[in-house]
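I opened this notebook to keep track of what I looked up, entry by entry.

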Amino acid sequence: MRVCKAWHHACKDSCLNSVLDIESHFGPATELPRFWTPEFERRVDNMLRSVVVWSAGSLTEIRIRHCSDRSLALVAKRCPNLEVLSIKSSPHATDAIMAEIAYGCPNIKELDISYCYEVSEKSLAVIGSHCPNMAVLKRNLMNWLDPSQHIGVVPYEYLNACPQDGDSEAAAISKFMPHLLHLELRFSKMTAKGLTLISEGCQDLEYVDLSGCTNVTSRDIVNASSNLKKLKTIKKPNFYIPRSVFHAERYGHWKLYDERFQTDVFRI
C-alpha cells in the first residue's frame, strides 16, 4: 500500500485481485514468534479484507496464514467464485466461520486447514456437504511427537491444543468428501479404523500423506490401499524422534517398533 497514487488506484482493479498468495513468505525458515501475535493477525486480516473488497467477487484463490474469523467472514460474503482456500496456522479460524465459508463459497476445490486447531470434524462435514467439487484436502497437524521444532515460535498452549479425535475427522472425510484426489493428514492421531473408513469412502484418491501417523501400521496401510485402485503415491508414517528428546531407555522394545512400522528411524 506504500506506493504512488497512480499505482495505488491501479492495484484496486478487480482483474488484478483474482489471486491472493503470500504463502511463499512463510515456511519453516521464516516462521517467527511475532507471526502468532494478535498484532500480526490484525495486519493479515486487514490485508485480506482489502483484497476481498478490491476483487469485487473475482477472487478464486486465497493462500494466506494467521488470519481469523474477522476477515474470513468477508470472504464468505463476497467470494462466491472462490476455488482455493489455504489458511494454515490460523489459531482463531473456527468451525462457525467455516460453516459460513461452506454456504458462501460452494465452488471450493482445494482446502488447507493445517494447524487450525479450532477447526474440527464439524467443518469437514459442512464443507464436504456444500462444496461438491472438493478434490484436495490438507489437514496436517504439528509434530506432536517432537514439539522441539515449534518451541519458541508457536505459543505453548496452542501446541497442547492438538486435536485428539482423528477417527472422527476421518469419518467426516469419508462420508462427505467422496471425490477427493489428494489428502494430507500428517501427524493425525487417526487409527486403523479411520484409515479404513477413508479408503472405503474416498476411492478416487491418488495421493495420500500419512507422515507421522503413529497409530496406523504398515499392515493397516496395505489393507486400506487395496481399496484405492487409483492410488499413485502414499507417504507412510516414517518419522524420526531424536534420542535427545525421548530417552532410549523408555523404548526398550524399539526393535519391535521398527518391525511394526518397517522403519529404521530409531537406529541412529
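Before anything else I wrote down the accessibility terms: buried means under 20% relative accessible area, exposed means over 50%, and partly exposed is what falls in between (1.4 Å probe, protein chains only). I also noted that this is a predicted model, in which local features need pLDDT of at least 70 and side-chain atom pairs count only at pLDDT 80 or more, while totals for chains, interfaces and linings use all residues. Residues are numbered from 1 along each chain as its sequence is written, and side-chain values use heavy atoms, with hydrogens and water left out.

**Entry: positive phi**

I looked up A56, which counts as exposed because its relative accessibility is 64%. A56 is found in the loop between α2 (38-55) and β2 (61-63), where helices (H or I, at least four residues) and strands (E, at least two) are DSSP runs numbered from the N terminus. Its phi is near 55°, a positive value in a residue other than glycine. Most residues other than glycine have a negative phi. I then turned to F187, in the loop between β6 (182-184) and α8, and found its phi near 60°, again positive in a residue other than glycine. Is F187 buried or exposed? With a relative accessible area of 13%, F187 is buried.

**Entry: the sheet**

In which order do the strands of the open sheet run? I found 8 strands in the order β1-β2-β3-β4-β5-β6-β7-β8, with parallel pairing; two strands pair if DSSP finds at least two bridges between them. The edge strands, each pairing on one side only, are β1 (19-21) and β8 (233-235). Within the sheet I followed β4 to strand β5 (residues 136-138), to which it is joined by 3 bridges, the two running parallel. D112 has K138 as its bridge partner in β5. L137 also has its place in β5, and L137 is buried, with a relative accessible area of 0%. From L137 to L180 I read 7.4 Å, C-alpha to C-alpha, although the two are 43 residues apart in sequence.

**Entry: aromatic rings**

The structure holds 5 aromatic pairs, where rings of Phe, Tyr and Trp (its six-membered ring) pair if their centres lie within 6.5 Å, and planes under 30 degrees apart count as stacked, over 60 as edge-to-face and the rest as tilted. One of them is F26 with F35, an edge-to-face pair at 5.2 Å centre to centre and 75° between the planes. F26 is buried at 10% relative accessibility, and F35 is buried at 6%. F26, F35 and F40 form one aromatic cluster.

The rings of Y117 and Y158 are stacked, because their centres are 4.9 Å apart and their planes stand at 15°. Y117 lies in the loop between β4 (110-112) and α5 (121-130) and Y158 in helix α6 (residues 156-159), so this pair ties together parts that are 41 residues apart in sequence. Both Y117 and Y158 are buried.

**Entry: two helices**

How do α8 and α9 lie to each other? The axes of helix α8 (residues 192-201) and helix α9 (residues 218-225) come within 9 Å and cross at roughly 15°, where axes are lines fitted to C-alpha atoms over the stretch in contact and angles run from 0 to 180 degrees between N-to-C directions. I therefore recorded α8 and α9 as roughly parallel to each other, since angles under 35 degrees count as roughly parallel, over 145 as roughly antiparallel, 65 to 115 as roughly perpendicular and the rest as oblique.
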